[in-house]
Amino acid sequence: MNTRNPLRVAPSRFIVACIMGLLVAYAVCWYRGHLSFLGVGNIGVTLVVFAVSVRYCIMAKRPERFVLIVVGAGLFAAMASLGEFFSVNGTFTDLAHLSALFGFLGYWAVAALTVHAIFAGGQVSGCGVDACDSEADVEAHSFFLRHRVFLTAFIVILAGWFITIVALFPGLGFYDSMWQLSQFRGYTPDSTQHPLFATLVMGAFSGLFSFWGDTVMFACYTLVQTLLCAGVLAYVATCIVRCFAPAEYLNHNRATPSNRIGGAVCRRTYYCAVAFFALVPLFPIYAMSILKDQVYAVSITVAVLLLISVFSEKAVVTSRAFSVLYCLSMVGIAGFRNEGWIVAAAITVVMFVALHGTRKWFITVAGVASIALVFSVNSVAASVLEATPGPSIEAFAVPNQQIAREMNDHPESFTEEELQQLSDMLVTDAAPSMLGERYSPDNSDAVKLLFNWDFYSRRSTIKIWLRHLMLHPVTYIEAFLSGSSGYYYPFTEKMAGSVFDSFQWLQPDIKDGWRQYFQIPDHALDPEYPHATESLRNGLVNCLHDIYTLPVVNAVFSPATYVWCMLLAALIIINKRRYTKLWVLLPTLLILGICVLSPINGSIRYALPLLYCAPLLLAFACSLANKVTKTVDSTISRNH
């Protein structure tokens, strides 16, 4: 049986074919007068020829699991094709053109080639252990030698973040964090718009340093958070090494003294993960921000890591740390997002089923207790502080957007009764027709602000929404796909929801507007930035803007990129027939579901857990050995 890696058959021909294909692609784009991000939609035929030529240059035989490659590539092609049109026009109209078919075929050809190459290069049948010291020898080493995998990753990550840390010192705030801190200090009436548990924790922690002024408070808060985030990412990199190590080795060795314990693939994966954590600017930017989403993302990452430890059936996370990390992650998930309890409860149920019948099942009881603790704190705090309940309109972002789209496309379909019901829910001097005028697929805030939150009726909204769903279902589908394109199409330059929202804090006019709205006194929650780093700070923002406009490269800022990574990890797991391992993707799937229902299209802040989990999920998928079927076993026995 031919088991050659197709990428090693003719590497020179493969490289030449790739270069020539890309040059032809960009040449055609240049000739047509516009250079799109990948050029796939406009030059699908060229890419098809490119993909087919590479296929026959390097492929020695028909790939295994051909149907999976076809279906997986079709999913990527569908997301890319739909995203390319809906991120611009927001309708199905352009899909009726012949160019759309060629675009889909071009995307499919490139995706199929990529998926096939990954499947062919990821045939891991087992992980060898390079020469390593025994447990006794490891214990005799110094602290650094026993933990050099973690410490090396930690130092490299901080070194990669250094310029960003200096430029953003003493740290960034955000609209949400200013609201929460102003509530804790009594400037703003208390509300359950944000979890009171998170408000109390963030306020109490910042209060430890507020005696020396808000500048010191911001600096201490963000620097401690940065160190903790770098530590978690270094621990993730260490656990990636342990994913590749054999179970027998991990059962007898708690420490991770070397990245050699999983072989050459393990080392390369470790280096790639550390480089990703150190070089992607999103990590230090959010680490240097006072923001509840940062704690939430780290907690999700730890929970995914624990699921990997359970379903990999080896001690990726040591038993000493498992219980503590599990409880802390449940508190962080349930306590720092209003919808976090859904994710925490789902993880706890999966943990209970997976650990049932083992000695670790009692850990799920601690997880339930952690979630109950958060609920209790939120309930007691809301009662004691007499906090105003958060508006119900927040959960109706998608229906409101679809009604606004319906008003924009089909205003004549609304009855007089429906128009009156909408008028009763709107602010003074706002007419129902303004819903269509204010409609934007990228941000629902313009529509949301037209409603009077005190008079918003969920029953009336649902009634209107259901009737028009039956009248114009295509319009509703178009509104949904337009409003979520940023979560499945990575090649866009839309600024709404991007990382540059964080830099609004550096604009005095915007920050002063927030301060006035929250009734914050002068000079409160207003840190001073060193003049010596002003040029570095401006240079960082300008450099990020330049990167954001680069084709393909700017995909690193898009949440859709990490959704694609999650899908790729799922395909690798399925290709290896390790179907039960798909449960480790549950938290990220729930996060994706929450994101597409959120008010902002393509918000990297909402999808921050996907960014943190992407390298971990891909590494876990690649570390799995192929499941040998009975057919393969019988074939091998006959050959021998």
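Is Arg-405 buried or exposed? In this predicted model, Arg-405 has a relative accessible area of 5% and is therefore buried, since buried means under 20%. The residue belongs to helix H18, which spans residues 397-409. Its side chain makes a polar contact with the side chain of Glu-478, at 3.3 Å. Glu-478 is also listed among the contacts of Arg-405 that remain once neighbours within four places in sequence are set aside; the others are Gly-90, Thr-91, Tyr-439, Thr-475, Ala-479 and Ser-482.

The aromatic residues form a second topic. A pair of aromatic rings is described by the distance of the centres and the angle of the planes. The count of such pairs in the model comes to 30. In one of them, the ring centres of Tyr-175 and Trp-179 are 6.1 Å apart and the planes meet at 75°, so the arrangement is edge-to-face, a term that applies to angles over 60 degrees. Both residues lie in helix H8 (residues 175-184), 4 residues apart, which is about one turn of the helix. Their accessibility is as follows: Tyr-175, at 26% relative accessibility, counts as partly exposed, whereas Trp-179, at 14%, counts as buried.

Tyr-548 and Phe-557 likewise form an edge-to-face pair, with 5.6 Å from centre to centre and 65° between the planes. Tyr-548 and Phe-557 are both buried.

Tyr-175 and Trp-179 also take part in one aromatic cluster, together with Phe-174, Trp-514, Tyr-517 and Phe-518. Elsewhere, a charged group is placed against an aromatic ring: the charged end of Lys-511 sits over the ring of Trp-505, 4.9 Å from the ring centre.

Definitions and conventions
Residues numbered from 1 in each chain as written. Predicted model: local features only at pLDDT ≥ 70, side-chain atom pairs only at ≥ 80, totals over all residues. Heavy atoms only, no water. Helix = DSSP H or I, 4+ residues; strand = E, 2+ residues; numbered from the N terminus. Buried < 20%, exposed > 50% of the residue type's maximum accessible area, 1.4 Å probe, protein only. Polar contact = N/O pair within 3.5 Å; in protein donor to acceptor, adjacent residues only side chain to side chain. Contact = heavy atoms within 4.5 Å. Phe/Tyr/Trp six-rings, centres within 6.5 Å; stacked < 30°, edge-to-face > 60°. Lys NZ or Arg CZ within 6 Å of the ring centre and 35° of its normal.
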